[in-house]
Amino acid sequence: MAVALNRLGTPILAALLVLMIGGALLLGLRSYDRDYVVSVEDDGSAVTKIIADRFAGASSLKVSEMSGTIQSTARDVRGFGLLKSDQVVKMPFSVDYFIDVSRIGADDLEWNADSRTLIVNAPDVKPAKPNVDEAARTLVRTSGLFVTRQAGEELSRRVSAHAQGRAEQEARSPARMARAREYGRAALAKLMAAPLEAAGQGGARVIVTFPAERAGDNRDQWDVTTPINEVLANRRAAR
């Protein structure tokens, strides 16, 4: 029996290897078709269509959004430095901020019955990938003695990359993150209101903390039980 298995082992392994390689090639071809092959109508004209889609469940709570207009610039130099071109583009952008509530477990909730206080030790707020709306550009200014098609394409690519990078940098700045955490506290406190009410603890105090703050054990300063409309009104009045 052992001899038979040894004899069969090599062909079986070889067959499995072939199947694995074939599967990888098939996936590679599908990815290539999705990303690089142009879909056309029967007459050969390109068609606008969804090439690939994917659905996924969400467990994150959107707590705030930053939006505005971003200006992006780029330069291209060709022809041994003789052909220089620049491009300036202005376009709207937005960034959403989320808290992954699926990471909040029983160990992250502390209840003080005497003071009727619920402490929520939440994960930090995370900014999503910025959405730069290039289709809604308000300004496109290209300058240069002679801008080739290749130079124009490269300028467009660089402008997009620069805009994306600048928006991400701004979204993660300390000031923006601090503001997002303020809204995160209010959103989580509002989210906890229903289960507290169901448990017969309506109107209980809610304190929300984030990882960097818990090191200092200053959780009492984060009381956000004031109704959310009053919290936002107070912030607007303080500006």
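Which side chain meets that of E65 in a salt bridge? Select E65 and K62 in this predicted model, and the answer is on the screen: the side chain of K62 meets that of E65, with N to O at 3.1 Å. Neither end of the pair is buried, since E65 is partly exposed at a relative accessible area of 45% and K62 is partly exposed at 43%.

D96, at 24% relative accessibility, counts as partly exposed.

Of the 239 residues, 25% count as buried, and among contacts between residues at least 6 apart in sequence, 72% join residues at least 24 apart.

Next, select helix α2, residues 149–171, whose 23 residues reach 33 Å from the first C-alpha to the last, close to the 33 Å expected at 1.5 Å a residue. Show its side chains and look for the buried ones, among them A151, L155, V159, A163 and A167. The cover over the buried residues of α2 includes β1 (60–78), β2 (83–100), β7 (139–144) and α3 (174–198).

From there, move to the largest nonpolar core, a set of 32 residues in which M91, F93, Y97, V120, A122, V125 and V208 have the most contacts inside the core. At least two residues of this core come from each of β1, β2, β4 (117–121), α2, α3 and β8 (205–209), and the largest share, seven residues, is supplied by α3. In soluble globular proteins, nonpolar side chains tend to be buried together. Centre the view on V120 and, leaving aside neighbours within four places in sequence, look for its contacts with I104, D108, L109, M192, V206, I207, V208 and T209.

For the last stop, select R176 and E170, which form a salt bridge with the closest N and O atoms 2.9 Å apart. R176 counts as partly exposed at 37% relative accessibility, and E170 is partly exposed too, with a relative accessible area of 24%. Then select D76, R78, E154, R157 and R158, which salt bridges that share partners join into one network; the count of salt bridges comes to 13.

Terms used
Residues numbered from 1 in each chain as written. Predicted model: local features only at pLDDT ≥ 70, side-chain atom pairs only at ≥ 80, totals over all residues. Heavy atoms only, no water. Buried < 20%, exposed > 50% of the residue type's maximum accessible area, 1.4 Å probe, protein only. Contact = heavy atoms within 4.5 Å. Helix = DSSP H or I, 4+ residues; strand = E, 2+ residues; numbered from the N terminus. Expected span 1.5 Å × (residues − 1). Core = buried A, V, L, I, M, F, W, Y, C linked by side-chain atoms within 4.5 Å. Salt bridge = Lys/Arg side-chain N within 4 Å of Asp/Glu carboxyl O.
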